[in-house]
Amino acid sequence: MKNLNAIYVAALIGFFAIGCSKSAPKQAIPSKPQSIDLGILELANHESHTNSFGDGKDCIVTFTALTNNELMISVVIETKDSNGNIKRAHGPRLITISGETCSISDGVYDFTITPKLKTN
């Protein structure tokens with residue numbers, strides 16, 4: 001009977017040792033958004049500017065004048081597939097001041113832009 005108890009104890013220790021891993025489970029590392037500096041962009045109210053990223057991807061930036069020096073920046077990413085079909089992903093919007101550098105992100109791209117509202 002002593003041998004049988006020793007076997008049970010050894011088996012339990014073996015199962016415990018196998019079940020307890022000393023290394024943490026590997027977690028997927030989220031990819032960092034690609035940083036893109038659009039530089040100084042001067043547009044009139046409701047005017048758009050298209051920036052090509054290559055590989056059939058374009059970034060369309062539109063300004064909307066709000067009050068005084070405030071403006072809203074809208075970002076849309078267009079992607080063309082191999083058949084020429086266009087898919088639009090409406091990105092973030094940001095309210096900022098004309099002439100001040102700002103950053104805006106859609107999770108895939110981090111944009112840095114210095115918007116300047118054209119005045120007539």
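1. Glu-78 counts as buried because its relative accessibility is 11%, where buried means under 20% relative accessible area, exposed means over 50% and partly exposed lies in between, with a 1.4 Å probe and protein chains only. The model is predicted, so that local features need pLDDT of at least 70 and side-chain atom pairs count only at pLDDT 80 or more, while totals for chains, interfaces and linings use all residues. Residues are numbered from 1 along each chain as its sequence is written, and side-chain values use heavy atoms, with hydrogens and water left out.

2. Glu-78 lies in strand S4, strands being DSSP runs of E with at least two residues, numbered from the N terminus. The side chains of Glu-78 and Arg-88 are joined by a polar contact of 2.6 Å, that is, a pair of N or O atoms within 3.5 Å of which, within protein, one must be able to donate a hydrogen and the other to accept it, residues adjacent in sequence counting only if both atoms are side-chain atoms.

3. Beyond its neighbours within four places in sequence, Glu-78 is in contact (heavy atoms within 4.5 Å) with residues including Asp-58, Ile-60 and Arg-88. Asp-58 has Glu-78 as its bridge partner in S4.

4. Strands S3 and S4 (residues 70-80) pair in the antiparallel sense over nine bridges, pairing requiring that DSSP find at least two bridges between two strands. Four residues separate these strands in their hairpin, where Asn-68 takes a positive phi near 40 degrees.

5. Strand S3 (residues 57-65) is mostly covered, with seven of its nine residues buried. Strand S2 (residues 48-54) runs antiparallel to S3 and is joined to S3 by six bridges.
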